[in-house]
Amino acid sequence: MKRHQMESVPRTVSTVVPNTAEATHVFDIVGYSQMKGRGREEHVTSGTFVVGGLHWAILLFPDTHVILLDDEEDNVTAFLELQSQGGSKVRACCDVRLVDQTTGLASSAAPAQPDAKTFKVFNADESNRVSCLKMKRTEFEAPPYLVDDRITLECVVTVKKEPRVSRASPVPRIKVPPSNMMQQLGDLLESKEGADVVFDVTGETFPAHKLVPAMRSPVFKPELCGPMRESGTEPISIVDMQPVVFKALLQFIYTDWLPSIRDLEGDDNSEMIRHLLVAADRYAVDRLKLLCQSILCKNLRVGNVATTLALADQHHCGMLKDACIEFMSCPNMLDDVVASQGFVDLENTAPSLIA
């Protein structure tokens, strides 16, 4: 019940995924030497480019950007600048790559600037400029990067935007129907298609598929598949059993259930259930034997309890036997049970059981 309730509760799902935009801007500086000597506050600005719907530019400082102390190295620096006005904070990073003028290949300057690929916060109203390059001048202004007074920077800018969240939608489900294998086996028995064995019960024949009863009954198995099985196609005779009982036994073997089980419950069908219990015990179909015991137990009456007790004792039905004895032991039932014909018969056939 709890599982059914859980499955009936509506469930929805939404998905959030990263939302980034990336673009590469090539900043080609021709006549690099002429850009120098203008002062440490002066810089060379690239053309404006768009990434993630925002305008950006690269600022290169050819001259020393800060006052150096005696033991400090002289570096060339570059900054990524957010040029869009207004708006909220945005996170971005810039990986500056220097182009080898002899091969045309670009290599990242990130090893010299370990945090170049770290996303940093930009705000047009406050901090709109973040360092993206800091490289020794002796390396920056040397071949293979600076050749013929020309140097080229490839600037890979990545903007991290607000994550994309999908609309909440019902969780997709695929309903799996209940198994109908037993019904299909029942239809196979009914159609007789592919039958390879025939049972003869007092002249009435029942075609079947020998693997099914052999699989379900340890008694049928050697008879149908073992060395006991005689060659030929002669029907297998079933003695001491009514055709209607064998038919119900065979249907249970195929479908694991009795036909119209509710119709079999009640006093009118107790005799049929007793015969089925005997057949189930004979062929070691244990589930059918328990099912018959359950039906007989629910239908115990003064007039049938003694007969049921004898049946339970004869076929080793311990739980049914205990239920009969408990029923007969009730003080308000005992006199009526003793007066019944079934009890008289039981006294004659099994006096030790009465004791």
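Visitor: What should I know about the model and the numbering?
Guide: This is a predicted model, where local features need pLDDT of at least 70, side-chain atom pairs count only at pLDDT 80 or more, and totals for chains, interfaces and linings use all residues. Residues are numbered from 1 along each chain as its sequence is written, and side-chain values use heavy atoms, with hydrogens and water left out.

Visitor: What volume does the largest pocket have?
Guide: About 270 Å³. A pocket here is an open set of points on a 1 Å grid over the protein atoms alone, where a 1.4 Å probe fits, with protein on both sides within 12 Å along at least five of seven lines. The volume is the space filled by probe spheres set on the points, which are joined across faces, edges and corners.

Visitor: And how many residues line the largest pocket?
Guide: 14, with Ser88, Lys89, Val90, Lys160 and Lys161 nearest its centre; a lining residue has an atom within 4 Å of a point. β11 gives the most, four residues. Strands are DSSP runs of E with at least two residues, helices are runs of H or I with at least four, and both are numbered from the N terminus.

Visitor: Switching topic: how do α3 and α6 cross?
Guide: The axes of α3 (181–191) and α6 (243–255) come within 8 Å and cross at roughly 140 degrees. Axes are lines fitted to C-alpha atoms, for helices over the stretch in contact, and angles run from 0 to 180 degrees between N-to-C directions. That makes α3 oblique to α6, since under 35 degrees is roughly parallel, over 145 roughly antiparallel, 65 to 115 roughly perpendicular and the rest oblique.

Visitor: Which residues of α3 make the contact?
Guide: Met182, Leu185, Gly186 and Leu189, against Leu250, Gln251, Tyr254 and Thr255 of α6. Contact means heavy atoms within 4.5 Å.

Visitor: What order do the strands of the open sheet take?
Guide: β14-β13-β15, with mixed pairing; two strands pair if DSSP finds at least two bridges between them. β14 and β15 stand at the edges with a single partner each, so one side of each lacks a neighbour in the sheet.

Visitor: Where is the cis peptide bond?
Guide: Between Pro143 and Pro144, with omega about 10 degrees. Pro144 lies in the loop between α2 and β11.

Visitor: And what phi does Ala284 have?
Guide: A positive one, about 55 degrees, although Ala284 is not a glycine. Ala284 sits in the loop between α8 and α9.
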